[in-house]
Amino acid sequence: AQREQAASDALAQSGVAAPAIRPASRNKPFDYLIVGAGFAGSVLAERLTTQLGKRVLLIDKRPHIAGNAFDEKDAAGVLMHKYGPHIFHTNSEEVSGYLSQFTKWRPYEHRVLASVRGGLLVPMPINRTTLNMLYNVNLKTDDEAEAFLASRGEEVEKIRTSEDVVVSKVGRELYEMFFRGYTRKQWGLDPSELDKSVTARVPTRTNEDDRYFTDKFQAMPLDGYTRMFENMLDQKGLTVETGVEYEDARAETVYDHLIFTGPVDEFFDHRYGKLPYRSLAFRHETLQQEWFQSVGTVNYPDEQTPYTRISEYKHLTGQSSKVTTITYEYPRADGDPYYPVPRPENQALYKKYEALALETPNVHFVGRLATYRYYNMDQVVGQSLATFRRIAEREGRTTIA
Ligand code: FAD
Ligand code: UDP
């Protein structure tokens, strides 16, 4: 009833009469309206329908499901990721086991090279090979590499920022070569202005492991992310509508509970001011050659190159083709919100929105944008499964599995 009131209030405010005929799917009331068909919204839609027998309407304003993980074949037939390269990796058996219900996997370990000194390609994260190549030395053991790094690392009293975390470990020269320019481009901020957690995502190694991630489970959905989402969302009781804005759906739909996975500040009409989200512009290119680069991603950490990295999808997907598709990433302030910006003042502002969120009845906020957390896909799945468990517990676990 509260929702119906909200809906009619919204209509009254917008000065539009209630539509005489609702879209067929909206004639019935829903238990849940879920906003956003990315990982957060889709996991909850699947769980609520299949485990609790709820009637769910899942909407997304984009013309497709899968959120930022959306992939499709381009005009040349190459499977590519519209919102930049997405590589799945996790240490959580709960998460990999859950997703395995909806896809088979292709084992894939991501490798990244950094282009430094005007074009020398070296392993990133920095490892023993990187050091040997850059300094023309012959470090043979972890201990030797550790000592080499220790002699360069600067003492930092309290590691607070994204500069501290790198400079203390590898020293200023490597910090400037690999991190300062990339970070300034990616975030529009100096590493000294960002929380340590940002650059701490990329470790430093003393061995020769050249994988970008070391998680136990590293694989790509065999037929792509979008197909995995299609399987996840093909459920009785679940209606999916794309190209639909929350504002419109809420005015036209009767529902008891809301799950919101868009930007939390937008939900509250930016009441306390805008929460900064960083955006990207993607340049996708199909080249009439079989391969463009030797690994999935090459990073360009110098500040002059306008993009941060180039990724080539066939490495990720294992697809064979005579042509190849690559994506350049150009960071920007305006555009779709992709990254929360981890720094203390933003966290403080988010906390004010979080307090509002907690006192808003019948609404759950889930996902990277709604909880303002720099989460990978597996973390969003984990967060969504935990939210589902809380909902089920509150209802006394009346699951119908
Ligand atoms: P999203 O996928 O953003 O979904 C939210 C959805 O809500 C969107 O589709 C949006 O259109 C919709 N929405 C928002 N507001 C409204 C509204 N008002 N009305 C209707 N719909 C609305 N993670 C990894 O694990 N590995 C990677 O390699 C990786 N690479 C990445 C590369 C890039 C360039 C980016 C940006 C992210 C990457 N990620 C990666 C992170 C990953 O994309 C996220 O963790 C994940 O997609 C978040 O899922 P989500 O459901 O929270 O949000
Ligand atoms: N980073 C960097 N140089 C690199 C790679 C990463 O400075 O070559 C920093 C940069 O600040 C980046 C952060 O580390 O935003 C996290 O990198 P990651 O590859 O995890 O970024 P994502 O894939 O989430 O964009």
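These questions walk through the domains, a helix pair and a ligand shell of a predicted model. Residues are numbered from 1 along each chain as written, and chains are lettered from A and ligands numbered from 1 in written order. Local features need pLDDT of at least 70, side-chain atom pairs count only at pLDDT 80 or more, and totals for chains, interfaces and linings use all residues.

Q: How many residues of domain 3 are in contact with domain 2?
A: Domain bounds come from an automatic or database domain assignment. Domain 2 covers 71-110 + 276-332, and domain 3 covers 126-199. Contact means C-beta atoms, placed from the backbone, within 7 Å. On the domain 2 side there are 7 residues, and on the domain 3 side 10.

Q: Is H6 roughly parallel or roughly antiparallel to H7?
A: Helices are DSSP runs (H or I, at least four residues), numbered from the N terminus. H6 (residues 162-170) and H7 pack at about 155°, an angle between N-to-C directions on a scale from 0 to 180 degrees, with axes fitted to C-alpha atoms over the stretch in contact. Angles under 35 degrees count as roughly parallel and over 145 as roughly antiparallel. So H6 and H7 are roughly antiparallel.

Q: Which helix gives the most residues to the shell around ligand 2?
A: A residue is near the ligand if its C-beta atom, placed from the backbone, lies within 6 Å. Of the 13 residues around ligand 2, Phe 179 and Tyr 182 are among those that come nearest. Helices H7 (172-187) and H8 (196-199) each give two or more residues. The most, 5 residues, come from H7.

Conventions. Contact = placed C-beta atoms within 7 Å. Parallel < 35°, antiparallel > 145°, perpendicular 65-115°, else oblique.
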